[in-house]
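Subject: Structure handover

Hello,

Here is the structure I said I would pass on. My notes on it follow below.

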Amino acid sequence: MSGLADGHAILSGLLATAGLPPGAAALARLTGDEPALPSSFRVGVAAQAAIAAAGLGAALLWQHRTGRRQPVTVEMRATAAEFRSERHFHCLDAPIPDPWDAIAGLYRCGDGGWVRLHTNFPHHRDGVLRLLGCGPTRAEVAEALAGRRAGAFEDEASAAGLCVAMLRDVATWDAHPHGRHLAAAPPLTLTRLGDAPPRHFPPAPARPLAGLRVLDLTRVIAGPVGGRTLAAHGAEVLHITAPHLPAIPLLVMDGGRGKLSASLDLRGEADRARLRALVRDSDVFLQSYRQGALAGQGFSPEALAALRPGIVVATLSAYGETGPWGGRRGYDSLVQTATGFNAAEAEAAGAGAPKPLPCQALDHASGYFLALGVMAALLRQAHEGGSWLVRVSLAGTGLWLRRLGRLPQGLAAPDPGDDVADLLEETDSGFGRIRALRHAAILPETPAHWARPTVPLGTHKPAWP
């Protein structure tokens, strides 16, 4: 590991990117050693730095509101486990359906290339089958793709609004027009949306984000992790979905800890009006829908800032919002495939087939970057006012992970598997008794925890309590 930046240097860089004082990294106590998971990439230190950065954001908000400092202790093993939080989530009263669709995954194409299909939502699955003109089994999909060229099918699927990525190595991605466009992309950006008076926080907080309201319009992993992290530090988080949208039960349960959950159908004006009313009483608007989806219903960042001056808007995308692939659909597994991670891991392992990272590292890190950006924006508001926009992309997070360097013997590390019993807690929930990971960032004065149980989608009314 000679020549690789240590955790505090990486943490300082994240704080500086968010506009927070890099010296605050000295408040963090980082313990544990790499590699924490079997990978040639530094997923352990990435997990530790991302979670520590969000924890320090909470500590700095607490210091601003109370004048009191507190350290943040983050153990690498615990953060690596939290980067697999969905793997360690258990419902003790009923089995949870497998989140992966039967035909999702990697396939060899007729030109020797590979493509990864993401078909976990029924409309994505049905669209891929229509495009291929085949039946719903892996054997039939494999046979259909054997007559396709990988790059051409990726383009065809993208044009149809589907979720497919062609395998590339790092060099090929870096030479790709969008790879060149993203070459200097930071893991997050924070820009001013408009004017508003400086923020005055509610007095005498019990927790860093107490009294702050977050509207959470996110799905799958990264966005929900961002909202879950804000809830862990005391924010009132109201998750909004729609009755007609598909969902993945495991991710709803794991990502919904600490949140209220309501349903609104934004295709109708009555529910758009209800969301506008919620926005007017909110402090943060967090969203992870495809580019333009919410803007088309009147909820662009600019419209939100006009509706509620002083709001913080945080958005997640797959490949960023500008450039040749700006707004393209994607998920962690697809971005890993497209941008070189799967090929690089396979090369390091001496494997003939693509090899994924040992966790959804881009998703989880992006979730903590969203939370970090929100807390940095709230602190910026306290000093200079304004409405603020936080942007995070899975591809930008991937570049950040790449820049951390490689571990030549990282793949030889043992996989800890499910040996995390000491990190778990049992609680009651809207799904029955659950067992799940505690949050890995330890703040002694304001311990992170989820005050609300995870509940089924649409359990609550679309209103602030």
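Two strands count as paired if DSSP finds at least two bridges between them. Please keep in mind that this is a predicted model.

β1 and β2 (residues 72–75) run parallel and are joined by four bridges. β2 and β16, in contrast, pair in the antiparallel sense, over two bridges. Here Val 74 stands opposite Ala 441 of β16.

In a regular strand the side chains alternate between the two faces of the sheet. In β2, Val 72 and Val 74 are on the covered face, while Thr 73 and Glu 75 are on the uncovered one. Taken together, β1, α2 and β2 make a β-α-β unit, and this unit is left-handed.

The loop between β1 and α2 holds Pro 35. The peptide bond that joins Glu 34 to Pro 35 is cis, with omega about -10°. Most peptide bonds are trans.

The hairpin

Strands β14 (residues 424–429) and β15 (residues 432–437) run antiparallel and are joined by six bridges. A hairpin of two residues links β14 to β15. Leu 424 stands opposite Leu 437 of β15.

The nonpolar cores

The largest nonpolar core has 113 residues. Which of its residues have the most contacts inside it? They are Phe 83, Tyr 319, Trp 400 and Leu 401. Trp 400, leaving aside neighbours within four places in sequence, is in contact with Ile 10, Leu 14, Ala 46, Ala 49, Pro 187, Ala 365 and Phe 369. Another core, of 20 residues, lies apart from the largest one. Leu 260, Ala 262, Leu 275 and Val 313 are among its residues.

How many of the eleven residues of α9 (residues 222–232) are buried? Eleven of the eleven are, so the helix is largely enclosed by the rest of the structure. The buried residues of α9 include Arg 228 and Thr 229, along with Leu 230 and Val 225. After α9 comes Gly 234, which has a positive phi, near 105°.

Val 220 lies in the loop between β8 and α9. Its phi is also positive, about 70°, although Val 220 is not a glycine. Most residues other than glycine have a negative phi. Is Val 220 buried or exposed? The relative accessible area of Val 220 is 19%, and buried means under 20%, so Val 220 counts as buried.

Gln 381 sits in helix α15 (residues 361–384). Gln 381 is buried, with a relative accessible area of 1%. Its side chain makes a polar contact of 2.6 Å with the side chain of Arg 199. Not counting residues up to four places away in sequence, Gln 381 touches Pro 198, Arg 199, Gly 310, Ile 311, Val 312, Gly 386, Ser 387 and Trp 388.

Asp 195 is in the loop between β7 (189–194) and β8 (213–217). Asp 195 is exposed: its relative accessible area is 66%, and exposed means over 50%. A polar contact of 3.4 Å joins the side chain of Asp 195 to that of Arg 192. With residues up to four places away in sequence left out, Asp 195 touches Pro 309, Gly 386 and Ser 387. Asp 195 and His 439 are 244 residues apart along the chain, and their C-alpha atoms are separated by 35 Å.

Regards

Key:
Residues are numbered from 1 along each chain as its sequence is written. This is a predicted model: local features need pLDDT of at least 70, side-chain atom pairs count only at pLDDT 80 or more; totals for chains, interfaces and linings use all residues. Side-chain values use heavy atoms; hydrogens and water are left out. A nonpolar core is a set of buried Ala, Val, Leu, Ile, Met, Phe, Trp, Tyr and Cys residues joined through side-chain atoms within 4.5 Å. Buried means under 20% relative accessible area, exposed over 50%, partly exposed in between (1.4 Å probe, protein chains only). Contact means heavy atoms within 4.5 Å. A polar contact is a pair of N or O atoms within 3.5 Å; within protein, one must be able to donate a hydrogen and the other to accept it, and residues adjacent in sequence count only if both atoms are side-chain atoms. A crossover is right-handed if, with the strands pointing away from the viewer, the path from the first strand over the helix to the second runs clockwise.
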